Amino acid sequence: METALTIQQKNEKLGELLRGMGRVMIAFSGGVDSTFVLKRAQQELGDQVLAVTAASETFPSREFDAAVGLAEEMGVRLTKTEVKELENADFVANNPDRCYHCKTGLYIHLQNLAREMGYPYLLDGSNVDDLGDYRPGLKAKNEQGVRSVLQEAGLTKDEIRTLSKELGLPTWNKPSFACLSSRIPYGTRIEKHKIDQLDESEHFLNQLGFYQVRVRHHDKIARIEVMPAELPKVLEHRDAIYAKLTSLGFQYVTLDLMGYRTGSMNEVLSSSDKAKAKEASV
């Protein structure tokens, strides 16, 4: 029976993987995972590392600016680019394979950049936990030859947070974030005004001090998800939240009593749909 690796052994394996690559470009969002990959690559490869951050309609500009600022603080070379998901009809249609079409376009664009700039490897920040959810973007990643060194090293999200804290990275306890289109039910078109509603709604809740927030877009209904411990806090700010979200165009504002959980919009999918997507992503 194979003995499970310790967190330090996994970190050492990550270092070996990076040293074996020699020169890498990293898709950098400024989140927990990609920041950790970037830092470890910097430690192992020095100036043979380039971060690339993409602006898009579904990624808040403040998140883009924060990623750029963080790369500068870390002293890592960074290139900025842009993608236009809303010009992709397959993405806008928002079928259950939406993420596949989004990631395919992104990774083709980034791989082209990597080749033009002389980087043989493009890395992302996917970790082991990402393999357990419905994530059609994994298929796109594999098809386009993107390496997920955190998965290859066997690192989980909690382990990445622990190691990030040891490295003094400010992102070690940063809340998880996903593309704003993931808040819109499958089959409902992705439109800019909906993205803007979600962006402003979540930013407002963040400013009220909520740690982990999702606002799900159900036409005229906004469904708020926060961590279970913060459910009472929503009621404390009920009037302000209702006023803000209705001013953004929602008619009803609701609180999800189950609280925040990743992939809640995937709960409508059948188990067979998820199984097929998981098989296709391997």
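Author: Welcome! Helices (H or I, at least four residues) and strands (E, at least two) are DSSP runs, numbered from the N terminus. This is a predicted model, in which local features need pLDDT of at least 70, side-chain atom pairs count only at pLDDT 80 or more, and totals for chains, interfaces and linings use all residues. Residues are numbered from 1 along each chain as its sequence is written, and side-chain values use heavy atoms, leaving out hydrogens and water.

Reader: How many helices and strands does the chain have?

Author: By those runs, the chain comes to 12 helices and 7 strands.

Reader: What makes the chain as compact as a globular protein of its length?

Author: The globule rule is 2.2 Å times the number of residues to the power 0.38, and the radius of gyration is taken over C-alpha atoms. For 282 residues the rule gives 19 Å, and the chain's radius is 19 Å, so the chain is as compact as a globular protein of that length.

Reader: Why is Lys157 called buried?

Author: Buried means under 20% relative accessible area, exposed over 50%, and partly exposed in between (1.4 Å probe, protein chains only). Lys157 has 17%, so the residue is buried. Of the 282 residues of the chain, 48% count as buried.

Reader: Where is Lys157 found, and which residues does Lys157 touch?

Author: Lys157 is found in helix 8, residues 157-166. Contact means heavy atoms within 4.5 Å. Not counting residues up to four places away in sequence, Lys157 touches Val32, Asp33, Asn127, Asp129 and Ser176.
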